[in-house]
Amino acid sequence: MRKIALVSLMIALMFGCKSEKKEIEIDRDSDSKKILKTIDNWNKGWQLKDVDLAIKDYSRNTDWTNAFGDRMQSKTELRQLLTEIFAMDFVMNGVDNYVNDDVKFLSDDIALLRSTNIRTGQKWSDGTLMNERYIHHLRVYQKINDEWKITDHMISQAHEKK
């Protein structure tokens, strides 16, 4: 009888105890703003032809692919490519207009950012004006040392549908 009472007491204690696990509050609004600031750095870097500002928010081992299939697998490679691109005046002509910024958190330290850039005024190498370009970006971020860094960036371009 004593064993039954002891077992009953243990069962009652197990069900009666509330295990309250406190979840860590994450300020998603603040994190979203920090992530969206990286687009400002990218754009301002392009406007000023400042490669270091353009790649400021990339991780050392970033994996970056543009709409033409050029793939860079480090921040160093990306720096070299952008240095070449920033020297091409016909590429640098144009105005960026980012729309549809969409941040999605996959975990506490991984986020995705989808954005669209409607670029106008860019020229071809022969100097003729390009049509509006709808350039889509998918960036993957990882929180490293309390900073959101771009680890992967895929750029694609949608052409006008006829």
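Is arginine 71 buried, partly exposed or exposed? Arginine 71 counts as partly exposed, because its relative accessibility is 46%. The legends below describe close-up views of a predicted model.

**View 1. Arginine 71 and aspartate 63 meet in a salt bridge.** The N to O distance between these side chains is 2.5 Å. Arginine 71 is partly exposed at 46% relative accessibility. Aspartate 63 is buried, because its relative accessible area of 19% falls under the 20% cut-off. The structure holds nine salt bridges.

**View 2. Lysine 143 and aspartate 31 form a salt bridge between distant parts of the chain.** The N to O distance is 3.4 Å. Lysine 143 lies in strand S5 (residues 133–144), and aspartate 31 lies in helix H2 (residues 28–48). The two residues are 112 residues apart. Lysine 143 has 24% relative accessibility and counts as partly exposed. Aspartate 31 counts as buried, because its relative accessibility is 4%. Asp146 joins Asp31 and Lys143 in a network of salt bridges.

**View 3. Arginine 79 and aspartate 52 link two helices through a salt bridge.** Their closest N and O atoms are 3.2 Å apart. Arginine 79 belongs to helix H4 (residues 75–86). Aspartate 52 belongs to helix H3 (residues 51–54). The pair is separated by 27 residues and links distant parts of the chain. Arginine 79 is partly exposed, with 34% relative accessibility. Aspartate 52 is also partly exposed, at 48%.

**View 4. Six strands form an open sheet with mixed pairing.** The strand order is S2-S1-S6-S5-S4-S3. Strand S2 (71–72) and strand S3 (98–107) are the edge strands, and each pairs on one side only.

**View 5. S5 and S6 pair in antiparallel fashion.** Strand S6 spans residues 147–158. Eleven bridges join S5 to S6. Tyrosine 141 has isoleucine 150, in S6, as its bridge partner.

**View 6. Helix H2 packs on the sheet.** H2 touches strand S1 (58–65), S3, strand S4 (110–119), S5 and S6. The direction of H2 makes about 135° with that of S3.

**View 7. Helix H4 lies across S1 and S2.** H4 runs at about 60° to S1. Arginine 79, which forms a salt bridge with aspartate 52, is in this helix.

Notes:
Residues are numbered from 1 along each chain as its sequence is written. This is a predicted model: local features need pLDDT of at least 70, side-chain atom pairs count only at pLDDT 80 or more; totals for chains, interfaces and linings use all residues. Side-chain values use heavy atoms; hydrogens and water are left out. A salt bridge is a side-chain nitrogen of Lys or Arg within 4 Å of a carboxyl oxygen of Asp or Glu. Helices (H or I, at least four residues) and strands (E, at least two) are DSSP runs, numbered from the N terminus. Buried means under 20% relative accessible area, exposed over 50%, partly exposed in between (1.4 Å probe, protein chains only). Two strands pair if DSSP finds at least two bridges between them. Contact means heavy atoms within 4.5 Å. Axes are lines fitted to C-alpha atoms, for helices over the stretch in contact, and angles run from 0 to 180 degrees between N-to-C directions.
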